[in-house]
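Let us walk through this structure step by step. Keep the sequence and the 3D view side by side.

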Amino acid sequence: MIVLLLLSTGLIYQQVGAREDAKILVPPGKLYKVHGDNMHLYTGGEGDVTVVLASGWGTANPYVDYYPLYEKLAPNTKFAVYDRFGYGYSDRTDKKRDVDTVADELHELLEVSGQKPPYVLVGHSLGSLETLRFAQKYPDEVQGIVMIDGGSPEHYANDTSDTASVIGGFMNQFRIKTGLLRLSLQSDAVVEASNANRNELKLVPDNLKKLDTTALLHNYGNANTVDELREMSANAKVVVDNKKPFPFPLTILTADYFGASEPEWDKTQAEFTSWSEHSKHVTVKDTEHYIHQYHPDLVANEILELVKK
């Protein structure tokens with residue numbers, strides 16, 4: 001009886017909290033209809049080239065996460081931060097998260113929102129796959145690519161981990177739906193630990209930090225993000241199967257993980273340069289996976305090099 005009461009209380013706590021999250025998450029950019037659903041795009045800056053920022057997997061609020069970077073870009077170029085379905089302020093979709101669909105959604109979003117090429121594409125982490133696939137499908141619109149510790153398609157194609165089963169599994173979904181995750185994130189220590197590899201968001205204003213936590217509660221473990229993980233290897237193989245070195249520049253920025261990087265990751269990062277006829281590989285010191293949260297000036301300078309080409 002007590003267990004049922006606790007479960008019921010937790011379910012209500014989560015449902016009430018989710019409704020409050022929705023009220024707080026007012027889009028800072030604009031929503032556009034893409035394949036029948038609302039997709040969020042936040043833009044700023046000015047210029048003839050637009051820097052398109054693709055977030056990594058699980059980055060619940062790209063608008064917040066990329067703040068230190070686009071603040072550096074804005075005085076020098078136009079930028080566009082987009083939320084894939086299931087992220088940030090975008091809707092969730094019933095469409096499979098295969099890489100062709102995701103790339104086409106991005107292309108349609110840029111078109112319906114009035115963006116104009118050429119684009120410099122920036123991909124963090126798993127965002128590398130949709131970035132590369134976009135460049136394969138629409139090469140005439142791309143001026144260059146920058147990877148922020150983005151995994152190579154070969155790396156993801158050979159990844160045998162089954163994170164999707166963990167994130168989408170019963171125990172994790174139980175934790176979300178019964179409010180246990182929400183309860184844990186009331187602790188500042190837990191929030192700080194969850195942001196450990198993002199420099200504890202030290203370069204982000206406090207009001208945006210709160211938005212980030214709200215977005216995490218709103219988006220974590222949803223079906224779209226789980227499906228991205230489930231499709232990761234297949235998506236990578238699609239990109240690999242269409243490999244042809246790009247004629248435009250590709251810059252690979254690799255985190256040194258404060259001296260604790262894995263040799264296999266470093267190897268695939270070095271080999272990533274084979275994806276362009278004009279490649280550059282930079283290992284960034286004193287950083288974790290979210291390089292732009294540690295050294296936004298360095299990342300912005302590398303991006304602007306390609307903007308000015």
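Over which ring does the charged end of Arg 198 sit? The ring belongs to Tyr 290, and the charged end of Arg 198 is 5.7 Å from its centre. Bear in mind that this is a predicted model.

Eight strands build an open sheet with mixed pairing. Read across it, the order is β1-β2-β4-β3-β5-β6-β7-β8. The edges are β1 (30-34) and β8 (276-284), and each of them pairs on one side only. From one strand to the next, the twist averages 25°.

β1 and β2 run antiparallel and are joined by five bridges. Within this pairing, Tyr 32 stands opposite Met 39 of β2. The two strands form a hairpin with two residues between them. There, His 35 takes a positive phi near 55°. Strand β2 (residues 37-44) is mostly covered, with six of its eight residues buried. β2 also pairs with β4, again antiparallel, through four bridges.

Move to β6 and β7. Strand β6 (residues 142-148) and strand β7 (residues 246-255) run parallel, joined by four bridges. Ile 145 stands opposite Leu 250 in β7. Met 147 has Ile 252 of β7 as its bridge partner. How much of β7 is covered? Mostly: nine of its 10 residues are buried.

β7 continues the sheet on to β8. Eight bridges join these two strands, which run parallel. Pro 249 has His 278 in β8 as its bridge partner. The chain goes from β7 through α14 to β8, and this β-α-β crossover is right-handed. Helix α14 (residues 263-271) lies across both strands and runs at about 160° to β7.

Helix α5 (residues 127-137) touches β3 (50-54), β4 (78-82), β5 (119-124), β6 and β7. The direction of α5 makes about 155° with that of β5.

Next, look at the loop between β3 and α2, where Ser 55 is found. Is Ser 55 buried or exposed? Ser 55 has a relative accessible area of 1%, so it counts as buried. Leaving out residues up to four places away in sequence, Ser 55 touches Pro 62, Tyr 66, Arg 84, His 124 and Gly 127. Ser 55 and Ser 125 are 70 residues apart along the chain, yet 7.3 Å separates their C-alpha atoms.

Now the aromatic rings. A pair of rings is described by the distance of the centres and the angle of the planes. The count comes to 13 aromatic pairs. Take Tyr 63 and Tyr 89. Their ring centres are 6.4 Å apart and their planes stand at 70°; the cut-off for edge-to-face is over 60 degrees, so this pair is edge-to-face. Tyr 63 lies in helix α2 (residues 62-65), while Tyr 89 lies in the loop between β4 and α4 (99-112). The pair therefore ties together parts that are 26 residues apart in sequence. Both Tyr 63 and Tyr 89 are buried.

Tyr 70 and Phe 79 have another geometry. Their pair is stacked, 4.8 Å centre to centre with 10° between the planes. Tyr 70 counts as buried at 2% relative accessibility. Phe 79 is buried too, with a relative accessible area of 3%. Which residues do ring pairs link into a cluster? They are Tyr 42, Tyr 63, Tyr 67, Tyr 70, Phe 79 and Tyr 89.

Finish at helix α12 (residues 223-230). This helix is mostly covered, with six of its eight residues buried. The buried ones are Asn 224, Thr 225, Val 226, Asp 227, Glu 228 and Leu 229. What covers them includes α7 (163-167), α11 (206-219) and α13 (232-241).

Key
Residues numbered from 1 in each chain as written. Predicted model: local features only at pLDDT ≥ 70, side-chain atom pairs only at ≥ 80, totals over all residues. Heavy atoms only, no water. Pairing = 2+ DSSP bridges. Axes fitted to C-alpha atoms, helices over the stretch in contact; angles between N-to-C directions. Contact = heavy atoms within 4.5 Å. Buried < 20%, exposed > 50% of the residue type's maximum accessible area, 1.4 Å probe, protein only. Right-handed = clockwise from strand over helix to strand, strands pointing away. Phe/Tyr/Trp six-rings, centres within 6.5 Å; stacked < 30°, edge-to-face > 60°. Lys NZ or Arg CZ within 6 Å of the ring centre and 35° of its normal.
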